Amino acid sequence: KQSKVLTDTLRSFFKLSPNPYASLLQLINVISEDRLKGKANTMSLSITEEFYKWIKCNESEYEHVLTDELKIRAFKMILEKKISLNTMNTIVKIFKCNTHLDYMEELIRESIKQKKFKEACYASMCLNIQDRFTVEDFLLPLFFMNLVCVTEEFLVTSQFQQKALVKYLDDLLVENDDCLYYLANRLNVTQSNNNFSNKNQIKTNLTRIMKKYNISNELAPNITRQKKKGALVYLFRRYQSGATGIHAWREMALESIGDDETMMLEVVKMLENFGDIQECIYFAQLFAIDPSLLTPTIQQELLFRENASAGIDRPIATEEYNTTEYHDLTLPDKQIHIIDCASKFNEFLDKINIELFDAHLDILGLDCEWKPEFTSDKSDLASIQLATIDSVYIFHLPQLQPAESFRLHWQEFSMNIFFKMKYECFEWKGDASMIRSSLPIDNVQLHGPGFVDIKLLWKELETKWNFQLPFQSPNEDTPYNSLSDLVKLCFGRPLNKTEQFSNWEKVPLRSNQIKYAALDAYCLLEIYNLFKTKCKTCNIPFDEVCQKISNNDHPDMTKSKPKHKKHKYKVPKTNMKTNSPHTHVSSVKHFKLLVPYTLEKLAERLRKCGIDTSIVERSKINDCHYIVNLIKTKNLHFIAFGYAFSKIAEELHVGQCYCVQNHNLDDQVQEVLNFFKIVVKKEDLNSRCQICNSDSYEIVSSLVMKKIFDAVKLIQNQKAVRYRPPSIDEDFEDNDYYVDEDDSEDEGTSAPINAKCLTNNSFNSSKPDDPHSKLISGYTDGNSMIDVKPLSVDMFNDQNRVFYICNSCGSVRWDNLQWESALGSSLGMKF
């Protein structure tokens with residue numbers, strides 16, 4: 001390490017040397033020879049840096065001893081020794097190797113012949129002569145040798161090499177499938193990189209390089225054409241399924257094809273292969289494809305339509321096959337305003353200022369649209385939609401150009417809209433990013449107070465407040481996927497998304513595009529009002545929840561998150577005191593707990609601690625009378641959070657319920673144990689089944705479990721015929737019965753320890769009078785099917801391993817001690 005002692009020692013050594021340059025080379029050579037002793041690279045770097053600092057102050061005194069022979073010797077050394085890039089750079093500066101570039105280039109080429117590709121690459125970077133070498137000199141060999149990190153260090157220093165590599169890889173895409181094999185042989189390089197062995201991996205690397213260094217698609221026509229073809233296949237499948245309208249499909253097809261005549265012919269052939277003759281003929285006529293290049297079937301169809309005077313401008317067939325009913329926009333067309341020029345923008349600003357002053361505006365719906373991105377070229381923001389309760393404004397940005405001419409308009413827009421209004425949006429991060437990159441607005445804040453993401457609000461209400469939408473099934477898991485899903489759950493009909501993948505830069509927009517864009521923004525207000533009304537009915541503090549969502553939603557990722565720190569988010573505060581009224585320490589056997597299904601993971605962890613913990617099923621979570629009656633009847637203690645806690649806490653006495661404050665599972669467990677003053681001992685760990693809460697287990701050895709495993713597998717391979725479980729007196733080999741194959745959700749976790757143990761000697765056969773024949777039959781004493789799915793045959797090789805079979809649900813656990821240690825450590829126990 002660098003220190004004053006090291007600095008003084010080295011400087012004294014160099015001063016006493018007749019030729020400090022030669023002494024430096026000798027010193028580095030000795031260090032690099034023995035790489036096993038310490039960090040040779042670090043030591044070499046420290047020494048060369050100290051020498052560089054020293055020689056800068058004494059350069060004139062030793063200039064005469066720096067001969068050309070020493071410069072060549074130094075450069076040969078960095079090519080022969082395994083030296084880091086930083087050390088090489090410092091040596092090149094010390095010995096002024098850049099004064100003989102031509103000769104140094106020859107040395108690098110000699111190093112390439114000796115297959116020292118990494119050293120040659122670094123040396124070219126130190127001399128800044130990267131552009132003198134071709135892609136095949138060392139870049140491709142480094143790819144084959146799986147030294148991609150070295151290529152990244154090299155490429156970042158030379159735009160010329162970036163473009164050269166992109167062109168080279170793109171040309172490989174039209175070669176034979178085994179082109180990389182022959183290329184490696186020609187370059188005399190061994191292929192050791194499994195990520196650079198076929199054409200698909202060429203595409204992956206090429207796409208990554210183009211994206212990282214912002215290389216234009218024009219330099220890689222082959223991969224661009226393949227991406228466009230893939231995008232067209234995707235769009236056409238959406239069109240076939242009815243997810244995209246015919247107008248949108250044709251617009252985006254023409255946008256992707258452009259003037260590429262090769263793509264024109266490929267699209268026509270693709271459509272014929274998919275069996276859509278109508279679209280095939282449409283594009284063949286539109287592109288004026290030479291009929292001789294088409295199949296006889298298409299040629300005949302073209303001839304027939306020409307004779308019938310069927311032109312390409314015929315009316316587009318309506319999509320009658322799609323009978324889905326969609327959610328409609330209730331606003332009349334005259335209430336949809338297109339802002340596409342300065343005068344209309346001015347009218348909007350005047351109107352919005354008046355309505356803001358008169359406090360007519362309470363909340364706005366906000367949404368954005370842009371053209372789909374099918375290649376590495378990034379699309380610009382095309383449309384911003386603002387929805388009020390009685391109007392929708394669509395700002396079409398391609399017509400509001402150049403953007404600098406509208407800078408003042410957008411600044412006033414941002415001051416009056418983004419800083420003063422409250423917004424409803426859906427998946428706002430992507431929209432906010434596009435607004436920042438496209439609009440000439442400085443220092444605009446597009447997150448925090450005022451911006452409520454409907455998707456986050458929906459998830460918060462559903463998971464924390466047991467919120468049910470009008471068309472939501474109580475027993476069905478809710479996917480938080482799309483705005484269309486949410487609209488369907490709210491109003492019974494989804495959104496029509498056929499215009500989603502359309503050309504939003506088209507001037508002017510089609511009427512269907514305008515209605516789609518307007519509804520996307522307006523439905524956010526409809527959803528917001530429905531949420532607000534329903535929350536008022538259910539006594540949910542809607543404004544507080546919205547405020548929480550606004551404060552916690554931070555799409556601006558400019559600030560990096562602290563590393564290695566757990567972020568603890570607190571749930572909404574309640575009016576109930578969290579100070580524990582319990583004064584006496586109790587064991588796990590003195591408490592029976594009840595939690596809602598939303599805290600299912602906490603219930604499993606408490607069961608691991610040996611605490612009797614029941615779960616309120618989803619269908620009963622809103623039935624306060626049922627929950628309170630259950631708690632009082634069975635003398636339970638209730639654990640919940642948020643609104644679910646508040647409702648039940650009002651009916652129970654202090655200390656019988658607790659509101660968890662943290663989202664972290666370990667913290668929740670510690671909260672519960674501290675509040676109820678529960679002490680968990682080592683013997684309590686894993687004494688209950690995590691799945692069914694039972695404390696009744698059978699413990700069997702590997703030998704017995706192997707017999708049970710074989711028997712169950714044999715039965716499952718027979719015909720699945722519904723039959724009653726065999727009794728102890730029946731031989732399992734004479735019966736076929738139906739097997740209920742429920743998946744185990746907790747494979748390989750810990751198992752209870754309080755049960756009677758079946759040793760190897762206690763199981764000798766499966767005779768009818770054997771007390772363990774019931775287990776061998778595949779069933780527990782509680783007539784539950786033993787679940788052997790988590791097990792594998794190799795697990796029985798360990799003769800010391802024991803297995804735990806729950807008598808209630810039939811789940812199997814193993815390796816108890818490891819899980820006890822992990823759980824005990826989280827609770828502060830020492831093992």
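**Figure 1. Salt bridges across the whole structure.** In this predicted model, a search of the whole structure finds 28 salt bridges.

**Figure 2. The salt bridge between Arg 109 and Asp 137.** The closest N and O atoms of Arg 109 and Asp 137 are 3.5 Å apart. Arg 109 belongs to helix H6 (residues 101-113), while Asp 137 sits in the loop between helix H7 (117-127) and helix H8 (139-144), so the pair ties together parts that are 28 residues apart in sequence. Arg 109 has a relative accessibility of 30% and counts as partly exposed. Asp 137, with a relative accessible area of 16%, is buried. Both residues belong to a network of salt bridges that links Asp 102, Glu 105, Arg 109, Arg 132 and Asp 137.

**Figure 3. The salt bridge between Glu 136 and Arg 186.** Here the closest N and O atoms are 2.7 Å apart. Glu 136 counts as partly exposed, at 24% relative accessibility, whereas Arg 186 counts as exposed, at 53%.

**Figure 4. The salt bridge between Arg 250 and Glu 279.** The two side chains meet with an N to O distance of 2.6 Å. Arg 250 is part of helix H14 (residues 246-257) and Glu 279 is part of helix H16 (residues 277-286), so the pair ties together parts that are 29 residues apart in sequence. Arg 250 and Glu 279 are both buried.

**Figure 5. An open sheet of 4 strands.** The strands follow the order E9-E8-E10-E11, and their pairing is parallel. Strand E9 (612-616) and strand E11 (657-659) are the edge strands, each pairing on one side only. On average, neighbouring strands of this sheet are turned by 25° against each other, direction ignored.

**Figure 6. The pairing of strands E10 and E11.** Strand E10 (residues 637-640) runs parallel to E11 and is joined to it by 3 bridges. Ile 639 has Tyr 658 in E11 as its bridge partner.

**Figure 7. Helices H25 and H28 on the sheet.** Helix H25 (residues 600-608) packs on the sheet and touches strand E8 (592-596), E9 and E10. The direction of H25 makes about 165° with that of E9. Helix H28 (residues 665-676) also packs on the sheet, where it touches E8, E10 and E11. The direction of H28 makes about 140° with that of E11.

Note on methods
Residues are numbered from 1 along each chain as its sequence is written. This is a predicted model: local features need pLDDT of at least 70, side-chain atom pairs count only at pLDDT 80 or more; totals for chains, interfaces and linings use all residues. Side-chain values use heavy atoms; hydrogens and water are left out. Two strands pair if DSSP finds at least two bridges between them. Helices (H or I, at least four residues) and strands (E, at least two) are DSSP runs, numbered from the N terminus. Axes are lines fitted to C-alpha atoms, for helices over the stretch in contact, and angles run from 0 to 180 degrees between N-to-C directions. Contact means heavy atoms within 4.5 Å. A salt bridge is a side-chain nitrogen of Lys or Arg within 4 Å of a carboxyl oxygen of Asp or Glu. Buried means under 20% relative accessible area, exposed over 50%, partly exposed in between (1.4 Å probe, protein chains only).
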